[in-house]
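Hi everyone, thanks for coming.

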Amino acid sequence: MEERAEETRPLIRTSGLTKVYNSGDLAVHALRGVDFEARAGEFVVMLGPSGSGKSTFLNIVGGLDRATSGETIFAGRDIATMSDRELTLYRRDHVGFVFQFYNLAPSLTARENVALVTEIAHDPMRPEEALEIVGLGPRMNHFPAQLSGGEQQRVAIARAIAKRPEVLLCDEPTGALDSRTGILVLEALAQVNRDFGATTLVITHNVAIGDIADRVVTFGDGRIVADRRNAVRKQPQEVSW
Amino acid sequence: MSPMRRKLLRDLLRLWPQALAIALVMAAGVATFVLAVGAHASLEQTRSAYYERQRFADVFARVVRAPDSLGPEIAAIPGVAAVETRIAALALLDLPDMIEPASAMMLSLPDHGEALLNVPVLRQGRAPTPGSDREAMVSEPFAAAHGYGLGSTFEAILDGRKRELAIVGIALSPEFVYTVGPGDLMPDDRRFGIVWMSRRALAGAFDLRGAFSEVSVRLRRGASEPAVIDRLDALLEPFGGEGAYGRDDQASHAFLDAELMQLRAMSRILPPIFLLVSALLVNMTLARLVTLEREQIGLLKALGYSGFAIGSHYVEFAGLIALVGVAIGALAGTWLGIGLTTLYGDFFRFPFLLFQKDPQTYLAAAAVTLVAAGVGAARAAAQVAALAPAVAMVPPAPARYKTGLFDRAVALAQLSTTAVMAARSLVRRPLRTAGAVVGAALSVAILVGSLWTFGSVEFMIDVTFNRAERQDATVTFVRERPVAAAREIGRLPGVIAFEPYRAIPVKLRNGTRERRVAIMGVVEGAELSRVLDERLAPIDPPENGLAVSAALARALDLRRGEMVEVELLGGRRHTQVMPVSEVIEGYLGLTANMRLEAANALMGEGALVSGAHILLDPAHDEAFFAAVKDIPAARFVALQRVALQKFRDTLASNIIIMISVYVALAVIIAFGVIYNFARISLSEQGRELASLRVLGFTPAETSGILFVEIGVVTALAQPLGWALGYGFAAMLAQGFESELYRVPLIVGPEVYAWASLVAIGATLVSALVVRRRIDRLDLIAVLKTRE
Ligand SMILES: Nc1ncnc2c1ncn2[C@@H]1O[C@H](COP(=O)(O)OP(=O)(O)OP(=O)(O)O)[C@@H](O)[C@H]1O
Ligand SMILES: [Mg+2]
């Protein structure tokens, strides 16, 4: 571990990250000091019980939410100090998101959903290319309602990777899918990580999925309670749940 | 409170900006209704009460000189309830406080007992002492305009002799609720007033002892006015009767009628627009609410609530909004009504004029508004009632988009993907989009339909004063004079040019249609008072026959080349048939022209003139005014330029008031429609828009989608609004048209431009208000939930 750390410097580093929600008179400590590092190109799976702060963490790293304290360094810059506008540009240029509920625009075809991002990104691939990568080239003119859940999630992945992001953040991408379909989605993620070298953080409740990652980080009560490195990465087809 | 009620109130609170926007549109409808109907009722009821109390006559007739003994004969005409004869004559005044000549209608008051008809309301002081040739009672507005009080004095030229009169009383009269001086357009209380004096005194001054020059008649209920007029004319004819006429031809009454007609037109056009828009808005908003609450509806049904109970819940929702709208509208309408009534006080001189707060008006407004709300809610309620609980509990099937013609068009247009989103959202809900377009168009239409009048009045002024009546003043003689008298006027200081004219009071008849008008005999090659053809080019009146204004031709159902019966009312009474040789333009009154020589030939009294039009040297007009007051032959002097200035001033202050009211109404509609449209669209696409923000779209880019939708709706609304507005303008022009004046239907490009500017401004504001919501979208919440 020490050895490899010298090879690539961390792309993302958080230290002492806390998040407190003040809902009414009750303060909820969603994060209680998270120190985390991910190197460029790393594939990290995040596990942990419900309410342990995984999503909160991912949203802060993705520039969707602001931490209460602590720093989040991306490529040498603390995103906590960014203005709203800079955060928007950070998301636009560097981060790809994949969510449990796909969040596709129902009024746009698969190709158009991807094009939404490629029209505003710096150096994007063509929407068709991104859809080919996730194996949906033939379906690109279909609307979300005409696609299965897994296909929709793959469109979401195509949309996330089309901008060639440095970071790919996935919050329970297989949460709404059966295992066969889930595997297709994970394959797509693994392939993108391999081919484009995007640092990939994947939240899941499925411990088995941890086997396809370089590293498995476990959250508990707003902290990282375990951080283990896999000796070997399994192929997505090899895991089952 | 039942849970359903509580939900109702909570929904209303949550959706308050949308509900308020709808309520305001309803309020605008209620306000315009209350205003127009209330003002109409106020004017009409005040007028009829005033008439009743002061015994306003039904039939009037002027005569050169009729013996008093004719009175009882008139009273004996079947159908006549009361008769009053009096002396009435116009006189020039010489007022210490003004340079221009003023004139007055001199009216006699009976020396024995009270006036029987047209009884003046004494406001201050007392009636003149019988027989006093120095005491006078004057009309209140005239006194006010000059700051006269009891004891003030002024000079009047009665039949050529100047007399000093002292004011002993100040009064108002039902005959002069609206008082326009001879030859004037608008009331000018400085230059025209009513002066009452003792009958004996006036008889002496005008050489009418034992005689009268005007008679008023009150009819019995059910009596035939035309029959009485015929009998009266027959009695008066030998004494120089000028033809009796009813209230419709009585100037003050007719002007009030014209105003009442305008209010009626307004009450028929404006409120329905607002009701239509509010029904559209209620429909849009409830349709969205029902979609959002599908699952709740299913749950309620599963719990055993009937479709009717839930459906009526939504109707109640609309009903509550309507009640708020009615409340606001009733207050605003009353406030505006009081304002309008006060404004009326400047033109219409009633001893009392209160804005009528007739509960029935308010009830009617409330009823139609509730009906509009109900109509708007009906579709949503029906949908709710028809929804099967099992179907309702599962989320609605995702919207099915299919590739069709539209998508090919989109592909061809190479729109950006966000524009495609906007376009699809518009096309997917064609009814809502159409509703918003129609709503926004109506706001433009209201503006076009109101703002045009100002340009149109300007046009009317231009035609009337710059092309037709170009004189500065018109001097009218006490009675017809030889042409030499006009030349004498021409020699007065300050006169640059003059043109004599002859006015002949006649009745024109075509079959059963007849109108009283004065035929104007005018000189050939006139440069001051000119006759305009229908293309507004000056023409000479025809050598034979009459040139009649288009309005008169219409009133008599005459076309060029047809024959019209001309009954002479003054002098030698006889009837002659004459061709209509020319139809001419004219916006004010009913006019007929012929050549001066032809007019004189018609009368057969030699070469006489009634007066002269005059062009003044502005540097010397004061000298002219001073001189004309001393010309015994002059009865009154109309000052067209002064009148125009007065007209403009009045118009200018009214324009500002009217524009603010109409702009406010249109802004309410535009804002209400676009705000609701945008909020509904946002509610539908909120999730997608938040997702876009997550993907790195800036707030501006995200709102851009909504703005494109609003932009398309607004763009489509403009031409439709222009067309509808032109339609309103045409309806209003028709509604305003009376025989007193006609408003030319001219809608210039600047009207459309202003209308669109205002509507687009209101749209922008509502778009910006909605934008603030997009900026505050909760990005994380949409990631946690399934649609
Ligand atoms: N907007 C909010 N207001 C108040 N508390 C919140 C809010 N969002 C999250 N929390 C709380 O923060 C804690 C962490 O939530 P988070 O969503 O990060 O958990 P998670 O690990 O992603 O759980 P899950 O696996 O169920 O998605 C929870 O206790 C949650 O209740
Ligand atoms: Mg989570």
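Let's start with helix α21 of chain B, residues 749-775. Keep in mind that this is a predicted model. The helix has 27 residues, and at 1.5 Å a residue it should span 39 Å; the C-alpha atoms at its ends are 38 Å apart, so the two values agree.

Which residues of α21(B) are buried? The list includes B:Val751, B:Tyr752, B:Ala755, B:Ser756, B:Val758 and B:Ala759. Further along come B:Ala762, B:Thr763, B:Ser766, B:Ala767, B:Val770 and B:Ile774. As you look at that list, remember that an α-helix has 3.6 residues a turn, so residues three or four places apart point the same way. And what do the buried residues of α21(B) pack against? Their partners are α14 (430-468), α19 (640-694) and α20 (699-736), which belong to chain B.

Let's step over to one residue in α20 of chain B, namely B:Thr714. Is B:Thr714 buried or exposed? Its relative accessible area is 9%, so B:Thr714 counts as buried. Leaving out residues up to four places away in sequence, B:Thr714 touches B:Ile674, B:Ile760 and B:Thr763.

Now for a strand. B:Ser216 sits in β10 of chain B, residues 211-219. With a relative accessibility of 2%, B:Ser216 is buried too, because the cut-off is under 20%. Beyond its neighbours within four places in sequence, B:Ser216 is in contact with several residues, including B:Ala57, B:Phe60, B:Glu84 and B:Leu117. B:Asn118 is another of these contacts, and here the two side chains make a polar contact at 3.1 Å.

Finally, let's see how the two chains meet. In chain A, 29 residues are in contact with 31 residues of chain B. The area buried between the chains is about 2,700 Å², and carbon and sulfur atoms give 60% of that. How many salt bridges are there between chain A and chain B? The count is two. One salt bridge joins the side chains of A:Arg92 and B:Glu701, at 2.2 Å from N to O. On the side of chain A that touches chain B, the elements giving two or more residues are α3 (84-94), β6 (95-99) and α4 (110-118). By class, that side has 15 nonpolar, six polar and eight charged residues.

That's my tour, and I'm happy to take questions.

Technical notes
Residues numbered from 1 in each chain as written. Chains lettered and ligands numbered in written order. Predicted model: local features only at pLDDT ≥ 70, side-chain atom pairs only at ≥ 80, totals over all residues. Heavy atoms only, no water. Helix = DSSP H or I, 4+ residues; strand = E, 2+ residues; numbered from the N terminus. Expected span 1.5 Å × (residues − 1). Buried < 20%, exposed > 50% of the residue type's maximum accessible area, 1.4 Å probe, protein only. Contact = heavy atoms within 4.5 Å. Buried area = accessible area lost by both parts, 1.4 Å probe. Salt bridge = Lys/Arg side-chain N within 4 Å of Asp/Glu carboxyl O. Nonpolar A, V, L, I, M, F, W, Y, C, P; charged D, E, K, R; others polar. Polar contact = N/O pair within 3.5 Å; in protein donor to acceptor, adjacent residues only side chain to side chain.
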